[in-house]
Amino acid sequence: MPRILTIDDSNTIRTIISKQMTELGFEVDQAEDGEQGLAKLEEISVDLILLDVTMPVMDGPTMLAKLRERGDKTPVIMLTSESKRSIVAGAVKLGIDDYILKPFKPDELKGKVMKALKIDSVGGAAPSSAGPIAANASVGGAGVPAGGGGGGNGGARQFVDILVIDDMENVQKKLRTLLPQHVTLNGCVSAREALQMCQERVYRVLLIDLVIPDVNSVALMKQLRVLQPHAVMVALALRSANDITGECKTQGFTDVLFKPFETSAVDEFLSSHFDVEDVLTVDGNLLECNAFTGKEEKVERYFSRIKTLAHDSFDKLASACYEDAILDLSKIPPHNERLVRLLIDLEKESKRLGIVMRLVGPPAIKKMVTCVADTANLPFFEDRETARGAA
Amino acid sequence: MSAAGEKLAAELEKILLKRVTAGKLGLPSMATAGRCLEILRDPDYKSSKLVEAIESEPMLALRIIAEANSAALNSGVRIATLEPAVARIGAQRLKTIFVEHAAEEVFRSSDRKLADANRKVWEHSIAVAILARDIAAVINNPEPDACYVAGLLHDIGKPVVGATLLAIDQKTRQGQKWLDLPLWLEVIDLSHRKVAVAIATEWRMPADVISAIRDCSDYDSTNRASIANVVRLANAVAKREGYATHTVDVDDVEAMIMVGTSMLGADNSLLTKLGTTLRQRFPAGAH
């Protein structure tokens with residue numbers, strides 16, 4: 001169990017720190033001034049020291065200098081209401097690990113202590129933010145901005161597919177109606193809200209309106225990119241004769257979605273950024289390829305997705321001890337070469353897993369399959385019932 | 001600080017403060033920007049009056065039209081004249097553009113050495129401005145644009161003092177070296193803040209922006225999330241990332257970052273990310 005020494009002339013501060021650190025599962029010792037602190041450290045060894053600056057008898061910097069003089073390199077966090085550059089710089093020279101300004105938030109203390117002790121996360125319950133601790137009467141009323149310092153952000157952030165940033169609330173509402181239910185969406189109408197939401201959640205795509213009053217959308221996009229380094233940045237723009245797409249890409253956007261929304265454009269947007277198409281329906285050992293509804297240039301993606309999903313399904317069927325699988329090709333687009341390539345791959349994969357693959361489909365598809373030597377011998381049936389009967 | 005440096009700095013301050021308040025710093029763009037900012041101060045300003053003022057400086061006019069047609073603002077129709085450009089950009093962003101334009105002009109010099117030194121200060125100023133706006137955003141400061149402007153102007157006194165020193169140097173020396181480099185730098189260091197405050201006051205910048213320019217050395221713990229504190233932290237982060245105008249004391253910079261992070265409730269890891277991505281977003285020498 002890590003052991004912490006808090007050195008502060010304020011009994012209140014020592015009590016608050018002790019309580020919080022004990023709740024985190026640490027053992028805590030206390031000292032009222034630098035001299036007592038040094039004496040304590042003669043008797044015990046600690047993992048971290050929380051040190052005040054201004055104290056009677058011996059102040060923090062003097063104690064720190066003496067500690068380092070005798071070769072003690074215990075990590076120290078300065079916890080003080082002293083913010084003078086010269087004093088803190090002096091302490092940095094003597095090797096402090098971090099600094100906390102009073103009054104402080106429990107989250108900041110927790111985050112910095114964990115960091116100094118090189119502990120990634122805590123199993124024990126840390127108290128949730130309960131506002132600044134009024135540790136210093138003279139500045140107790142000063143507002144502390146949101147966000148615990150020290151990187152202690154407490155737990156995983158919620159994942160959401162899309163964030164729409166547009167000052168017209170209708171835009172997000174309209175988009176919602178055009179998206180499949182399983183695609184999650186948040187919306188906000190100001191840059192401030194957007195920044196707040198991007199601090200709290202993880203997004204896959206950020207849709208940023210190019211004309212938000214008093215907001216430079218490109219600058220906003222760059223700020224959001226820092227908060228959401230993995231998100232795709234898409235501009236929301238009005239249709240025009242100009243090359244908005246080109247301009248936006250130059251500015252750093254990945255793509256543009258034009259308003260008012262057109263169903264085909266939204267579908268295109270979805271197929272570019274989400275795997276939303278249900279290209280394969282699985283029911284027991286029946287795998288049904290669904291119809292392809294996208295643009296022609298996306299057909300390769302469709303076949304590749306079928307392949308991936310079919311591999312997964314074969315895996316699951318093999319784990320569940322199925323010996324055969326039926327692949328229904330009735331709705332698959334008649335792309336001869338792609339279809340044959342797909343079937344050769346699936347035949348190989350099903351064989352590897354010990355599964356017999358039977359095909360079902362209309363005569364046109366059968367013709368495509370049987371006229372190629374590599375797939376000519378695959379068992380092909382007119383309907384599912386016949387295929388099942390052959391098992 | 002040497003006695004000679006202090007004396008010279010005091011003399012220079014007097015001269016420059018007088019010139020600033022009399023509008024005689026001799027920089028045309030500052031006069032135009034000042035006039036434009038003055039017009040914008042009236043909430044019922046007439047855009048024709050503003051356009052007229054902007055037109056007096058073609059480079060500024062071009063910059064405004066380009067901004068109106070940028071991807072950030074372009075809503076479909078290309079703009080070729082000032083009046084609709086001004087309407088599209090809006091007063092708030094226009095203020096930032098005027099300050100940016102005027103400030104950039106201040107950092108230009110026909111003297112090669114001075115231009116070189118000014119370029120470093122300008123790059124540092126832009127880095128501080130960008131970081132200040134970023135930090136404002138992450139700590140939810142409601143005025144990221146004011147933070148940007150304050151960052152941009154915090155060292156504006158340096159090129160002004162530098163240019164004045166150079167002018168005096170050229171007039172007075174006759175084959176002899178008048179000022180050695182350490183004294184030159186000392187004088188700039190001693191007097192640039194007051195000059196910058198005078199310029200910002202003359203441009204009627206908000207009190208918070210002026211306060212940020214006045215003192216960059218220590219945080220104000222009575223107003224933790226102030227613009228001044230945001231700029232102080234941005235200044236330190238910029239220095240840590242190499243956007244410094246002279247050699248820095250690493251411990252001193254680290255102390256400023258530690259205090260600022262706690263003071264503003266900023267997330268330290270995010271701050272590091274802002275700093276490390278700064279060079280991608282603003283490569284030194286690109287401006």
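Predicted model: local features only at pLDDT ≥ 70, side-chain atom pairs only at ≥ 80, totals over all residues.
Chain A contains an open sheet of five strands. The strand order is E2-E1-E3-E4-E5, and the pairing is parallel. Strands of a sheet pair through backbone hydrogen bonds, in either a parallel or an antiparallel sense. In chain A, strand E2 (27-31) and strand E5 (98-101) stand at the edges of the sheet. Each has a single partner strand, so one side of each is left without a neighbour in the sheet. From one strand to the next, the twist averages 20 degrees. Strand E1 of chain A, residues 3-7, pairs with E2(A) in the parallel sense. Five bridges join this pair. Within E2(A), A:Val28 is the bridge partner of A:Ile4.

A helix covers part of this region. Helix H5 of chain A, residues 106-116, lies across E1, strand E3 (48-51), strand E4 (76-80) and E5 of the chain. The helix runs at about 170 degrees to E5(A).

Most residues other than glycine have a negative phi, and most peptide bonds are trans. The bond from A:Lys102 to A:Pro103, however, is cis, with omega near -5 degrees. A:Pro103 sits in the loop between E5 and H5 of chain A. A cis peptide bond also joins A:Lys259 to A:Pro260, with omega about -10 degrees. A:Pro260 belongs to the loop between strand E10 (255-259) and helix H10 (263-273) of chain A. A:Val57 is not a glycine, yet its phi is positive, at about 70 degrees. This valine, A:Val57, lies in the loop between E3 and helix H3 (60-69) of chain A. A:Val57 counts as exposed because its relative accessibility is 65%, and the cut-off for exposed is over 50%.

The largest nonpolar core has 156 residues. The residues with the most contacts inside it are A:Leu224, B:Ile54, B:Ile64, B:Phe98 and B:Met205. Helix H7 of chain B, residues 112-138, gives the most to this core, with 14 residues. B:Met205 is in contact with B:Leu37, B:Val99, B:Val149, B:Leu153, B:Ala200 and B:Ile210, leaving aside neighbours within four places in sequence. A second, separate core has 28 residues, among them A:Tyr302, A:Leu317, A:Ala325 and A:Leu359.

A lysine in chain B is also buried. B:Lys158 lies in helix H9 of chain B, residues 157-172. The relative accessible area of B:Lys158 is 11%, so this residue counts as buried; the cut-off is under 20%. Not counting residues up to four places away in sequence, B:Lys158 touches B:Val121, B:Ile188, B:His192 and B:Thr245.

The two chains meet at an interface. There, 50 residues of chain B are in contact with 51 residues of chain A. The area buried between the chains is about 4,100 Å². Carbon and sulfur atoms give 52% of that area. On the chain B side, B:Asn140, B:Arg224 and B:Met258 lose the most area to chain A. Together they account for 17% of what that side buries. Three salt bridges are counted between chain B and chain A. A salt bridge links A:Lys93 with B:Asp249, and the closest N and O atoms are 2.9 Å apart.

How values were computed: Residues numbered from 1 in each chain as written. Chains lettered and ligands numbered in written order. Heavy atoms only, no water. Pairing = 2+ DSSP bridges. Helix = DSSP H or I, 4+ residues; strand = E, 2+ residues; numbered from the N terminus. Axes fitted to C-alpha atoms, helices over the stretch in contact; angles between N-to-C directions. Contact = heavy atoms within 4.5 Å. Buried < 20%, exposed > 50% of the residue type's maximum accessible area, 1.4 Å probe, protein only. Core = buried A, V, L, I, M, F, W, Y, C linked by side-chain atoms within 4.5 Å. Buried area = accessible area lost by both parts, 1.4 Å probe. Salt bridge = Lys/Arg side-chain N within 4 Å of Asp/Glu carboxyl O.
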